[in-house]
Structure formats: C-alpha cells, structure tokens
Amino acid sequence: MDLEQAKRRDKKVSITDEAIKKIPKLKYPTLTDVQNEIVTILASEVLELSKNENECNEVAITYCLEDDQIGISYGDEHGVNPLSDTVSAHLLMSGKPLTVVSIHNHPSTQTFSLEDIQFFIGYSSVRLMVLVGNQGVIHYMSKNNRYIPENAYFLLHEFFKMIKGDMTVKEIINITEQFLKRCCEIGIDYHKGR
C-alpha cells in the first residue's frame, strides 16, 4: 500500500486483498464461539463488498444472532444508512433487545463517529457494533450488563454539545475519542482489536 495513502486518515483508503486477509479473529463479549466466527467472516465480507461492489465506500451488514438473518446496505464515502435495506431495517426496529450485530467499514480508517455511536445507542436491538477500517483494523463497541440507555443518551448529548460549526474534522474526531474513553462509565465496552 502507498505510504502517503496510509498517512491520510481523513481521506478514503483503497481496500487491498491484504487488508481483507488480515481481519483478526476476535472474541467479542457475550458471543458464542460460532457467533464470533460468523462476525469475523462478516467483517471480511464488508470489505469484500466495499471493494468489489461499492468503490471502497461504506457497506453495512446487519446480522441477527437469533436466526442468522442478514441485511446489507450500501453507502458512500462518508456514511451508510442500514435502514435503507428492508431486512436490516426490520432487524433493527423489530428485533428483541441485544440480538443484532451491526458491522460496517470506514473508508477513512477512522474510529467510530459520533453518528455511529448515536446509532448504536439508539437501537435497543443492537448488542455489538463492529467497525472495520479499510486497512483491516477492527474497532468494536458492546453493551454490557451495566448499560442504561438514559445514561448513554445523557453522556452522548454532552459530547454533541461540544461540537461547534467551525470545527475541523480532526477536532470532531478528538471529541469522539474522548467519548470512547469514557463510555465504560455508561456500560459500553470499546475496544480497538488491531
């Protein structure tokens, strides 16, 4: 991969076969070994679909832990709306609490955005959100047994209030990283897998 491209974290990075192959096998909290294997495969599939069908732009896969239903949504360089796919929308809006895994990629290779976090908090059905950078790095958030939605909304709102109209992307990313450092206080576990 081009070294200059690797240094530009606010620009779209192309997906390589190497990045897809290096998706780590992680042990996600509260998932069975079989579910962990499926999530690893789906994380690779997100990058495959992005590379081969969506010009390395965002792709989201919504996976139901109860019945293995899968929905796929395609976005652009800056976002993807899982609700644009009817299966994903059904799983997110009708799923039982903590039965859904949401997996998507970030072409810029950044960590979760505040919008991602808002989505994660906003759907009670989502237990785990996995973010795959276009270079194969995994970040994930999971709701643990101390998670209380009201506390999560309150803390997130505090961070949204910090954003001003003239802020740079780097400043907004910094605010997001501050939230991720504190989210354990509200029952969200955040990890960067590699």
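Which side chains meet in a salt bridge at 3.3 Å, N to O? They belong to Lys 161 and Glu 158. A salt bridge here is a side-chain nitrogen of Lys or Arg within 4 Å of a carboxyl oxygen of Asp or Glu. Before going further, note that this is a predicted model, where local features need pLDDT of at least 70, side-chain atom pairs count only at pLDDT 80 or more, and totals for chains, interfaces and linings use all residues. Residues are numbered from 1 along each chain as its sequence is written, and side-chain values use heavy atoms, with hydrogens and water left out.

Back to that pair. Lys 161 is partly exposed at 45% relative accessibility, and Glu 158 is partly exposed too, at 27%. (Buried means under 20% relative accessible area, exposed over 50%, and partly exposed in between, using a 1.4 Å probe and protein chains only.)

Searching the whole structure turns up 5 salt bridges. One of them joins Lys 51 to Asp 17, with the closest N and O atoms 2.5 Å apart. Lys 51 sits in helix α3 (residues 33-53) and Asp 17 in helix α2 (residues 17-21), so this contact ties together parts 34 residues apart in sequence. Helices (H or I, at least four residues) and strands (E, at least two) are DSSP runs, numbered from the N terminus. Lys 51 is partly exposed at 28%, and Asp 17 is partly exposed at 43%.

Then there's Glu 66, whose side chain meets that of Lys 96 in a salt bridge (3.7 Å, N to O). This pair links distant parts of the chain, 30 residues apart: Glu 66 is in the loop between β1 (59-64) and β2 (70-74), and Lys 96 in the loop between α4 (86-94) and β3 (100-106). Both Glu 66 and Lys 96 are exposed.
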